[in-house]
Amino acid sequence: GVKGIVIYRSGVDEFKAFDRTCTYDPLSDCRIAFDESSIVLAECSCCESKFELNFGSVSKGPATLPIKAYNTTFGGGSVLLIHN
């Protein structure tokens with residue numbers, strides 16, 4: 001992603017990867033980051049939209065669209081591939 005990627009470990013060998021660009025105002029300099037109050041949410045630093053890291057869906061607006069998800073492949077050990 002242009003603003004980076006958030007990686008969430010959803011299981012022992014399962015990972016989710018999402019673009020850090022908030023869907024509410026994608027042209028802003030804002031980025032989503034882990035919400036310190038929850039282990040499964042990310043929050044936009046500007047509009048305070050919250051996104052669930054299991055699916056990328058919006059859990060609190062003003063954003064209405066989910067964040068972009070990437071495919072992941074875990075090769076074991078320390079190899080994690082992130083791809084479209």
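A nonpolar core is a set of buried Ala, Val, Leu, Ile, Met, Phe, Trp, Tyr and Cys residues joined through side-chain atoms within 4.5 Å. Buried means under 20% relative accessible area, exposed over 50%, and partly exposed in between (1.4 Å probe, protein chains only).

The model shown here is predicted, so local features need pLDDT of at least 70, side-chain atom pairs count only at pLDDT 80 or more, and totals for chains, interfaces and linings use all residues. Residues are numbered from 1 along each chain as its sequence is written, and side-chain values use heavy atoms, with hydrogens and water left out.

View 1. Welcome to a protein with eight strands and zero helices; helices (H or I, at least four residues) and strands (E, at least two) are DSSP runs, numbered from the N terminus. Along the sequence the pattern reads β-β-β-β-β-β-β-β. The C-alpha trace spans about 40 × 25 × 20 Å along its principal axes. For 84 residues, a compact globule would have a radius of gyration near 12 Å, and the 13 Å of this protein agrees; the radius is taken over C-alpha atoms, and the globule rule is 2.2 Å times the number of residues to the power 0.38. Of the 84 residues, 30% count as buried.

**View 2. The largest nonpolar core.** Here you can look in on 13 residues, of which Cys22, Ile32, Cys44, Phe51, Leu53 and Ile67 touch the most other members. Strand S1 (5–11) and strand S4 (41–44) are the elements that give two or more residues to this core. In soluble globular proteins, nonpolar side chains tend to be buried together.

**View 3. The neighbours of Cys44.** Which residues does Cys44 touch, not counting residues up to four places away in sequence? They are Cys22, Cys30, Arg31, Ile32 and Ser49, where contact means heavy atoms within 4.5 Å.

**View 4. Val12 in its loop.** Val12 lies in the loop between S1 and strand S2 (14–19). Because its relative accessibility is 73%, Val12 counts as exposed. Ser37 is 25 residues from Val12 along the chain, and their C-alpha atoms are separated by 22 Å.

**View 5. Gly75 and Asp13.** Follow the chain to the loop between strand S7 (69–74) and strand S8 (80–83), and there you find Gly75. With a relative accessible area of 60%, Gly75 is exposed. Gly75 and Asp13 are 62 residues apart in sequence, while C-alpha to C-alpha they are 8.7 Å apart in space.
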